[in-house]
Amino acid sequence: MTSADRPGHLVTTATLDARYLPDVMALVERCASHDGFDAGADEGFVRARSYPVPPEIVRQTADLIWIVGDKVVGYAGTYGFGRDEIEVVAVVDPEWRRRGIGQALINEAIGVGNRAEVGRVLLVVPRFSVGGHALAERVGAKRSHSEAAMVLRDVPLGGDDLGLGLVARIANISDVAVLGEIGSSAFDGSPDEASAISRSSIGAIGRTIFLIAKGGEDVGMVSIAVDHGAASIAGFAVRPEHQGKGIGRAVLRWLVRRLHGDGIAPITIEVDVTNDRAAGLYRDCGFREDRIYDYLAVATG
Ligand SMILES: CC(C)(COP(=O)(O)OP(=O)(O)OC[C@H]1O[C@@H](n2cnc3c(N)ncnc32)[C@H](O)[C@@H]1OP(=O)(O)O)[C@@H](O)C(=O)NCCC(=O)NCCS
């Protein structure tokens, strides 16, 4: 198929405003019922695109909307976290597949990565998606890693306290350096990159980062994004020298009880499929594996 045969055209926006948000949400619903997955988490991601984009990630962020006639039939969102890569999530209306629309959206998303001068573009493809994997192969993407989305099924018992002498407080912009230090000590990446990720979350609508202290020292962090009553937990880190002492378990149990007590559901957390230790901890706190996503990388430049 040549681009001349491809129906429709592309519209690029910086945030999903009222013109496109309902149509993109409806598209995600149609894909979910066709492909047999629960649209809940994806709707949360899409809805988050209607919020203002923090300046640090403006160049890494784009909403790519494919329109045929007056109908939205394809969508790709690029997600930047202030790192040397962007993530891309794409969907095409089941009735409009195999006409080159997905390919055009992915090519455009790779263009966003090139213009933002990141090293790679990661396509986020649900494990079950035959079309997604075929398209990723077609654009030369190589497997990077896989993550399991885990969903809270059993609320852990306990009170309102964190226990272990731990204290939690909501982080603010003056905490960016310490968050960067904790994040980079626990994950791969530089303190600057980890600070940039925290900076883009602090003050963003629905986002909260908790700093966890013990004996006056900041020992860990955890970040949550709440959207329309659903929460996802990310950026969960304990400094290496404080790992293995039950801090992570205490923090997660406390957070999950707190969110559940506020009536928030579902509560999800993602974990690299090779990270047995973290997955074991999450299972222990009542989470169960739901969907697996493969991250397939296209080098830019
Ligand atoms: C993945 C998805 C976006 C593809 O959209 P699309 O518009 O159908 O893709 P295209 O028509 O541009 O396909 C381009 C090429 O990818 C490959 N491909 C796409 N879907 C395929 C399928 N079901 N089986 C085999 N190959 C496929 C083919 O090589 C195709 O070229 P061809 O039609 O000339 O043979 C769509 O199937 C979808 O929404 N899936 C669910 C969500 C998902 O997996 N998203 C991840 C995308 S990164």
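The model is predicted: local features need pLDDT of at least 70, side-chain atom pairs count only at pLDDT 80 or more, and totals for chains, interfaces and linings use all residues. Residues are numbered from 1 along each chain as its sequence is written.

The chain has 301 residues. Its secondary structure comes to 8 helices and 12 strands. Helices (H or I, at least four residues) and strands (E, at least two) are DSSP runs, numbered from the N terminus. The C-alpha trace spans about 65 × 35 × 35 Å along its principal axes. The radius of gyration, taken over C-alpha atoms, is compared with a globule rule of 2.2 Å times the number of residues to the power 0.38. For 301 residues, a compact globule would have a value near 19 Å; the chain has 20 Å, which agrees. Of the residues in the chain, 38% count as buried. A residue is buried if 20 or more other C-beta atoms lie within 10 Å of its own, exposed if 12 or fewer, and partly exposed in between, with C-beta atoms placed from the backbone. Contacts were also examined by sequence separation. Two residues are in contact if their C-beta atoms, placed from the backbone, lie within 7 Å. Among contacts with a separation of 6 or more, 70% join residues 24 or more positions apart.

The chain is divided into domain 1 (9-146) and domain 2 (154-285). These bounds come from an automatic or database domain assignment. The centres of the two domains, taken over C-alpha atoms, are separated by 27 Å. Across the boundary, 14 residues of domain 1 are in contact with 15 residues of domain 2. On the domain 1 side, α2 (40-48) and β6 (142-152) each give two or more residues. The largest share, 5 residues, comes from α2. By class, this side of domain 1 has 6 nonpolar, 5 polar and 3 charged residues. Here Ala, Val, Leu, Ile, Met, Phe, Trp, Tyr, Cys and Pro count as nonpolar, Asp, Glu, Lys and Arg as charged, and the others, Gly among them, as polar.

Nonpolar cores were then identified. Such a core is a set of buried Ala, Val, Leu, Ile, Met, Phe, Trp, Tyr and Cys residues joined through C-beta atoms within 7 Å. The largest core has 41 residues, of which Leu179, Phe210, Met221, Val222, Ile233, Val251 and Leu255 touch the most other members. Elements giving two or more residues to this core include α5 (176-186), β8 (207-214) and β9 (217-227). Helix α7 gives the most to this core, with 7 residues. Beyond its neighbours within four places in sequence, Leu179 is in contact with Ala171, Ala194, Ser195, Ser198, Ile209 and Met221. A second, separate core has 40 residues, including Cys31, Val72, Tyr75 and Leu135.

The ligand is surrounded by 24 residues, the closest being Arg97, Gly102, Gly131, Gly132 and Ala134. A residue is near a molecule if its C-beta atom, placed from the backbone, lies within 6 Å of it. At least two shell residues come from each of α1 (21-35), β4 (85-92), α3 (101-115), β5 (120-126) and α4 (130-138). Helix α4 supplies the largest share, 7 residues. By class, the shell has 13 nonpolar, 6 polar and 5 charged residues.

Ala225 is found in strand β9. Ala225 counts as buried because it has 20 C-beta neighbours inside 10 Å. Ala225 and Ile57 lie 168 residues apart in sequence and 17 Å apart in space, C-alpha to C-alpha.

Most residues other than glycine have a negative phi, and most peptide bonds are trans. The peptide bond from Ala265 to Pro266 is cis, with omega near -5°. Pro266 sits in the loop between α7 and β11. Arg98 has a positive phi, near 60°. Arg98 lies in the loop between β4 and α3 and counts as exposed, with 11 C-beta neighbours inside 10 Å. Leu164 also has a positive phi, near 55°. Its place is in the loop between β6 and β7 (166-170). With 13 other C-beta atoms within 10 Å, Leu164 is partly exposed.
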